[in-house]
Amino acid sequence: MSVARSTSARKSSTAPKSAKKTATSKEKGRTRPPAGQSSAEHRGDLLEAMLRIRRFEERCVELYSAAKIRGFVHLYIGEEAVAVGINEALTPEDAVVSTYREHGHALARGVTAEAVMAEMYGKATGCSGGRGGSMHLFDASRRFYGGSAIVAGGLPLAAGLALADRMREQPRVTCCFFGDGAFAEGEFHETANLAALWNLPLLLVCENNLYAMGTALAREHAQTDLAMRAASYGMPAWAVDGMDVEAVEQAASRATEGIRAGTGPHFLELRTYRFRAHSMYDPDRYRNKAEIEQWKARDPVSRLTDRMRENGELGARELARIEHQITDEIDRAVESAEQAPEEPVENLLRHVTSARRRVVS
Amino acid sequence: MGAGGTEVSKTTYREAMREAMREALRSDDRVFLMGEDVGRYGGCFGVSLGLLEEFGPERVRDTPLSESAFVGAGIGAALAGMRPIVEIMTVNFSLLALDQILNNAATLLHMSGGQLPVPLVIRMTTGAGRQLAAQHSHSLEGWYAHIPGIRVIAPATIEDARHMLAPALADPDPVVIFEHGSLYNASGELAPPAAPVDLDHAAIRRPGTDISLIAYGGSLPKALVAADELAAEGISAEVIDLRTLRPLDTEVVTASVARTHRAVVIDEAWRTGSLAAEVSARIAEESLYELDAPVERVCSEEVPIPYARQLEETALPQIADVVAAAHRAVD
């Protein structure tokens with residue numbers, strides 16, 4: 001397939017999507033699918049968004065093995081339904097705070113594959129100007145506040161974004177992703193308390209993938225029912241099948257509707273699983289193959305694909321078209337990253353402090 | 001805004017700081033104050049007394065004792081366009097928020113390639129001398145001054161307490177303000193500022209020709225009294241107030257040492273790895289051939305600050321120690 005053809009295909013598929021987002025951004029308490037779009041079309045969008053993340057990260061594995069990208073790289077493969085499902089309930093005006101496993105969050109938020117890949121390459125055109133790498137993706141224009149590699153470190157910051165919105169009566173939601181490991185940190189509990197106490201418009205999204213690095217949930221938590229514990233702060237909290245994108249979207253919509261209605265923070269525990277090791281360095285000795293295979297049987301991508309096939313919503317040709325389009329998009333992102341300029345070393349000290357502050361009396 | 005007018009008025013360091021905050025809250029609706037006991041209690045050290053009544057609980061927010069959460073919330077609010085002033089009771093407690101200060105506030109601008117400036121002001125008390133024992137008495141300004149991406153200031157005079165907050169709030173980057181607990185009751189005449197206060201320059205608080213006494217924060221009054229005593233002996237000491245601990249203004253220090261050829265650095269922190277160590281190293285790097293004597297340092301003894309009065313006094317730099325150090329350098 002030619003580059004030109006797939007470019008136009010990509011444009012035609014993404015343009016209406018972004019227009020749709022803008023159109024619905026001012027709506028509150030919307031339910032899916034939006035008016036004028038069939039469930040089948042919507043499911044197609046969800047599938048495409050998940051596949052983009054999956055294929056992007058598969059390429060990252062190859063590039064890492066080829067030493068094109070370095071550092072700690074934490075893959076999201078298996079957890080795509082969470083990023084995509086949650087993002088569907090957010091508007092461009094909302095804020096997203098993420099973790100070090102954030103390729104999926106960034107792509108679902110609309111940060112381009114090109115900007116993310118260039119950042120993985122450490123290039124000047126990367127979404128963090130080459131200073132962040134895989135763990136620190138940021139895009140202020142999309143209110144994507146990255147990219148925290150300190151487990152739970154993003155939670156208080158997310159409360160602050162929500163506090164600013166509350167103080168200025170902005171009808172916005174701040175969504176904070178974090179893992180089950182972060183739930184063990186004091187910062188989670190301090191933030192949950194503060195958010196509930198101050199009725200902040202905060203969506204707490206706990207991606208419970210059953211392992212904090214290599215430590216299993218039951219080895220890190222005295223009580224493994226995380227939603228129940230979150231509920232003790234006086235906020236609505238429930239557990240969701242994180243391998244089912246439509247279930248995630250439904251739960252996220254319910255939560256954001258509540259938040260937009262002024263009922264304060266909500267907590268979602270997404271029960272999910274990462275098919276890969278914690279990072280590219282991790283030999284993954286702490287899990288057995290049977291467990292991994294069991295979870296792979298619930299792969300959110302094949303699950304939605306199968307559902308759509310059964311419903312007659314997705315033919316082989318259409319799936320191939322989506323796959324081609326995504327492959328092409330990633331090819332171009334890699335090519336662009338390869339060609340992109342390095343940040344000059346003369347710029348090393350840029351962005352340590354802002355250019356110049358005003359001197360005032 | 002009494003202190004901002006043209007008349008000289010009698011005030012205290014505490015009132016000057018409060019007036020600075022009142023002015024900030026009045027003049028910019030993005031500014032709000034939050035921290036431990038800043039509202040109903042009036043501030044742990046009485047600095048924010050009355051501000052709750054004037055500005056209400058939305059803008060003068062009592063927080064739980066959750067340093068990490070409320071400092072991090074300040075960072076998030078700053079990212080979203082607010083201008084928070086976050087108060088932490090003492091520098092010892094700030095360690096519970098060090099992750100937020102170092103890994104987020106100081107780092108986000110750089111990690112994001114310049115996209116995310118954090119215009120946040122964090123105020124905290126520091127220092128010993130009030131028999132509060134080890135967990136309320138330490139001086140960790142040097143630790144904060146170690147961190148790129150934040151500005152660290154230490155107003156030592158009533159004028160600076162009154163006039164450094166506005167430029168701190170105007171700074172697009174995080175500013176940490178250290179207020180030495182023993183300064184709050186200091187009183188004096190507050191004159192309108194002769195020039196705009198900037199946060200980049202050290203100040204010569206007393207000119208002299210024989211020796212440079214380099215201090216900041218709670219050590220400045222001790223250095224000034226020591227200079228009086230030295231003057232009575234015929235030794236002319238120049239007293240420098242560093243004011244901004246990061247970025248350090250070494251030009252004023254270098255120029256002073258070029259005149260006096262001797263230096264004593266006074267720092268209430270422990271000597272090992274202290275800001276005094278940094279200042280001494282800068283003098284060695286930039287002014288070694290100007291020196292007629294080794295740089296002297298007057299710091300705290302290397303001990304957690306004890307409760308008992310005589311132990312605490314002995315642990316801390318005292319005026320007599322500064323005078324003795326000056327004698328060693330001059331003689």
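Colleague: Which side chain meets that of A:Glu323 in a salt bridge, with N and O 2.6 Å apart?

Modeller: A salt bridge here is a side-chain nitrogen of Lys or Arg within 4 Å of a carboxyl oxygen of Asp or Glu. The pair links distant parts of the chain, with A:Glu323 in helix α14 (residues 316–339) of chain A and its partner in helix α2, 268 residues apart. At 2.6 Å from N to O, the partner of A:Glu323 is A:Arg55.

Colleague: What kind of model is this?

Modeller: Residues are numbered from 1 along each chain as its sequence is written, while chains are lettered from A and ligands numbered from 1 in the order in which they are written. Side-chain values use heavy atoms, without hydrogens and water; local features need pLDDT of at least 70, side-chain atom pairs count only at pLDDT 80 or more, and totals for chains, interfaces and linings use all residues, since the model is predicted.

Colleague: How many residues apart are A:Asp328 and A:Arg332?

Modeller: Their side chains meet in a salt bridge of 3.0 Å, N to O. A:Asp328 is buried at 8% relative accessibility, whereas A:Arg332 is partly exposed at 21%. Both lie in helix α14 of chain A, about one turn of the helix apart, a separation in residues of four.

Colleague: How many salt bridges are there between chain B and chain A?

Modeller: Over all chains, the search of the whole structure finds 43 salt bridges. Between chain B and chain A, the count is zero.

Colleague: What area do chain B and chain A bury between them?

Modeller: Contact means heavy atoms within 4.5 Å, and 48 residues of chain B are in contact with 43 residues of chain A. Buried area is the accessible area (1.4 Å probe) that two parts lose on being put together, summed over both. With 63% of it on carbon and sulfur atoms, the buried area is about 3,700 Å².

Colleague: What volume does the second largest cavity have?

Modeller: On a 1 Å grid over the protein atoms alone, a cavity is a set of points where a 1.4 Å probe fits but cannot get out; a pocket is an open set with protein on both sides within 12 Å along at least five of seven lines, and lining residues have an atom within 4 Å of a point. Grid points are joined across faces, edges and corners, and a volume is the space filled by probe spheres set on the points. The whole structure has eight cavities of 30 Å³ or more. The second largest cavity holds about 60 Å³.

Colleague: Which elements give two or more residues to the lining of that second largest cavity?

Modeller: The lining includes B:Cys44, B:Phe45, B:Met89 and B:Tyr184. It divides into seven nonpolar, one polar and three charged residues, where Ala, Val, Leu, Ile, Met, Phe, Trp, Tyr, Cys and Pro count as nonpolar, Asp, Glu, Lys and Arg as charged, and the others, Gly among them, as polar. The elements, both of chain B, are β4 (83–90) and β5 (121–126).

Colleague: Which residue is joined to B:Arg246 by a cis peptide bond?

Modeller: B:Arg246 is among the residues nearest the centre of the second largest pocket, which has a lining of 28 residues and a volume of about 510 Å³. With omega about -5°, the bond joins B:Arg246 to B:Pro247.

How values were computed: Buried means under 20% relative accessible area, exposed over 50%, partly exposed in between (1.4 Å probe, protein chains only).
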